[in-house]
Amino acid sequence: MKIITLCILLVSLLTAQDGPFTLRKKDTIGELEAKIVAQIAADILNKDVNIYVVGEQKDFMTLGMNGFRIAKNCKEANFIFVSKQSVDDMELCENSRAIHFTNSRELFNKNRDFVGLFYWFKSRPNITFSSKRLESKLTMLPKSYEQFIEEF
Amino acid sequence: MIQTKLLTKKSIIIGTTILFLVFLLASLYVSTIKLQQNLEKKIFETSTNDTTSIARNISKEIYRLTAQYGAREVIQNIKSNTALQKEIEEKLSLFLTKDIKYAYLLYRDRKGIFRFLADASKQSEKAFIDQKFDIDSVLWNKPFNTKEPIFLENRVSKELSVTYLVPIVHKNIVSMILVVDFSIKRVDDIEDIMKKIRYGILLLALAILGFAIFALFQALRYQRSKKDVYIDRLTKIYNKNYLLDYEPYMNLHDYIICAIDIDHFKKINDTYGHAAGDRVLERLASVMFIETRKNRDILIRYGGEEFCLLIKKERESDAVGLNLLDRIFTKVAQEVFEISEYERIGVTISIGVNLNPENQRDFTTAFKLADIALYNAKNGGRNRIEIYAESIEDSSFLTINEIKDAIYDGRLMCLFQPIVDTKTQKVVHHEALVRIRAKDGTIITPDKFLSVTKGTFIARNLTKEVLDICYKKLFLDKSLSLSVNLNPQDLTSETILEILKMYAKIDTFSQRLGLEILESEEIVNYEEAQQNILMLKSLGYQIYIDDFGSGYSNFIYLAQINADVIKIDGSIIKNILTDKLSYLVAKNIISFAKEANIKTIAEFVSSKEIYEALRGLGVDKCQGYYFSSPKEL
């Protein structure tokens, strides 16, 4: 019995999510991105998030955050995320009052509906918010986001 | 108990081995983490050693280009001076190798936000002037305070391993930092290899776990099967297999060895049937087992109606053991054994005890002495406890088991002593004399084993073997005439009687085979034996009364069984020349026999003088060393 307990303990330690012997599965870029975007949405809205994802939804569906739901269309959503792989579908949400967010620098520069941008630069995650676009959308960001706001 | 001991020993070995393996794997696993860290450190040191010194030199170069400015002005000057920007970026581009992905200059604005001043990257990845740069750790601020270069580990991206920050100081204030991003592929490779090794160890640990579970399962199965092998099905106590396995581990100092046998068990079987016998065995085992002490004494069904009891000694004293034996003995005597729905009987046991087994070299020898004591208990009238003392018996006596083994191994044999006609001195007959050939080839005479078999089924088996040997001799030599010795039990044994009936149907077998019967109380008082003797006579067998004149001599007995031949006891014959009384006894027996028309044979005729004397007395036949010793035919 002691041997079995020891073996189970060893296996548990090795497969634990955190710990000195962890064989941790690192997040993929997509998963990390989804986490960051979901956190931004939650911080900006300060209420339950109904996100409409234009593009790949897979990484958002596995997040399992409280108060976080994936909307079926733009109308139901209070936060819209458009990934750079699905720029063409953006037309669907043009008249939505939801907060627009993207990971495409090109789309962010082109379309003033987007208040924020998440992008990778020098292999690091970067976030940028436009102060004027936030103003036009009457959106306030928490104090901790000040470092990401640019004056344009 | 031994079962538990054996299994415990095996379990400890298996358990310790698995524990050791698990510990080994866990240590190995931890050591791979440390090994990985050390390897990474070493590779990093080798890969960055040159680069860090170059980075410091380049930072000096950049400082040299901007040395005339103060900390604030330098930023504005670089921003506004395209040529200076280009010159700085050219210097930065010297860094870019396969291990260095990015090299750029950053400054902190008034809000503390990091922004680009220069970037040596190719156009697609190049930052514009003043582009915001999100830092992922407050440590990025450290060079601004300490003015010392630092390494930062990159925790977010797999593409970057380490970032090297070199502060550039203008007038004692850090104006900007030179940033070099290392991407050392070998570190990733090592991490991958280590990950595979760790997974391998994990799989190995799982395999060991699987093996441990399998081994445990097998151990449980083994325990169950061992139980079946060690436990006697009828009595539910240990059997002889258990004793055989336990023997090598037994410390003879720890136990008193007892051999226990049910008195007249054969009679119980013959009278009430084997089912009743089994009930008696079952109940007796239960009665004895209840009296023994759990985890101390060991009760074993040794075979048939014989039990072996190993009583654990307490503080080197025999008192506890003897008291226990006395309790068992009394309880058995008080017990009423139910042999059927309506019948109940009492049973007694005889016990032979060896109080000092440690004086013997091994268990077998020690048990043999308990067996001898048991034999003496039987001989002394049964229903008693006999303790072995050195003077009781010569240990050269064979035990029941040794005799059984000899029969089983075919080491039972017969020597044949001729019987001569007194007048012609020609051999007319042979007496078959049983012997056992020991494993070392020596011949063991019946005085070392016949008395041991008395009252047991071994005696019957022994007679069967002798009859079989005689049958073969008579079959091969039609002119041969033999006589064999039967013990009183043989005359009531269905098996022996059936064999003799079968022989009587073959040619002249019964005429050529005499049956020598020792006169005894058992025959005189047992009518069935007398009837069977008469039946055998009617089949043509000649009945010899053996050792006549010794012990229990009864002339009426001769008339009752209608004997054909009297064999005058050797103790009388050997003294007829020196002892007048012996001479007269012999003379009267011969005279009586002649009157009764019974033939006489004189045994122990060892010299010519004895032979002459016997011839003078008119004895019919003589047997003894004067003519021949017993020999193989």
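View 1. Helices (H or I, at least four residues) and strands (E, at least two) are DSSP runs, numbered from the N terminus, and two strands pair if DSSP finds at least two bridges between them. E8(B) pairs with strand E9 (residues 306-312) of chain B in the antiparallel sense, over 5 bridges. To find your place, look for B:Leu299, which stands opposite B:Leu309 in E9(B).

A word on conventions: residues are numbered from 1 along each chain as its sequence is written, while chains are lettered from A and ligands numbered from 1 in the order in which they are written. Because the model is predicted, local features need pLDDT of at least 70 and side-chain atom pairs count only at pLDDT 80 or more, while totals for chains, interfaces and linings use all residues; side-chain values use heavy atoms, with hydrogens and water left out.

View 2. Strand E1 (residues 100-108) of chain B pairs with E2(B) in the antiparallel sense over 5 bridges, and B:Tyr104 has B:Asp119 in E2(B) as its bridge partner.

View 3. Where does B:Ser121 sit? B:Ser121 is in the loop between strand E2 (114-119) and strand E3 (132-133) of chain B. With 8% relative accessibility, B:Ser121 counts as buried (buried means under 20% relative accessible area, exposed over 50%, partly exposed in between, with a 1.4 Å probe and protein chains only). Its side chain joins that of A:Lys122 in a polar contact of 2.7 Å and that of B:Asp119 in a polar contact of 2.8 Å. A polar contact is a pair of N or O atoms within 3.5 Å; within protein, one must be able to donate a hydrogen and the other to accept it, and residues adjacent in sequence count only if both atoms are side-chain atoms. Leaving aside neighbours within four places in sequence, B:Ser121 is in contact (heavy atoms within 4.5 Å) with A:Lys122, B:Tyr102 and B:Lys126.

**View 4. An enclosed strand and its partners in chain B.** Of the 10 residues of strand E14 (residues 412-421) of chain B, 9 are buried, so E14(B) is largely enclosed by the rest of the structure. E14(B) runs antiparallel to strand E15 (residues 427-437) of chain B, and 9 bridges join them. B:Leu415 has B:Leu433 in E15(B) as its bridge partner. The hairpin of these two strands has 5 residues between them, and there B:Gln425 takes a positive phi near 60°. E14(B) also pairs in the antiparallel sense with strand E22 (residues 621-623) of chain B, over 3 bridges, and B:Asp421 is partnered by B:Lys621 in E22(B).

**View 5. A helix of chain B with one buried face.** Which residues of helix H21 (residues 608-617) of chain B are buried? They are B:Ile610, B:Tyr611, B:Ala613, B:Leu614 and B:Leu617. Seen down the axis of H21(B), these buried residues fall within an arc of 165°, so they line one face of the helix; the arc is that of the directions from the helix axis to the C-beta atoms. Their cover includes helix H19 (570-573), helix H20 (580-595), strand E21 (599-602) and E22 of chain B. After H21(B) comes B:Gly618, with a positive phi near 90°.
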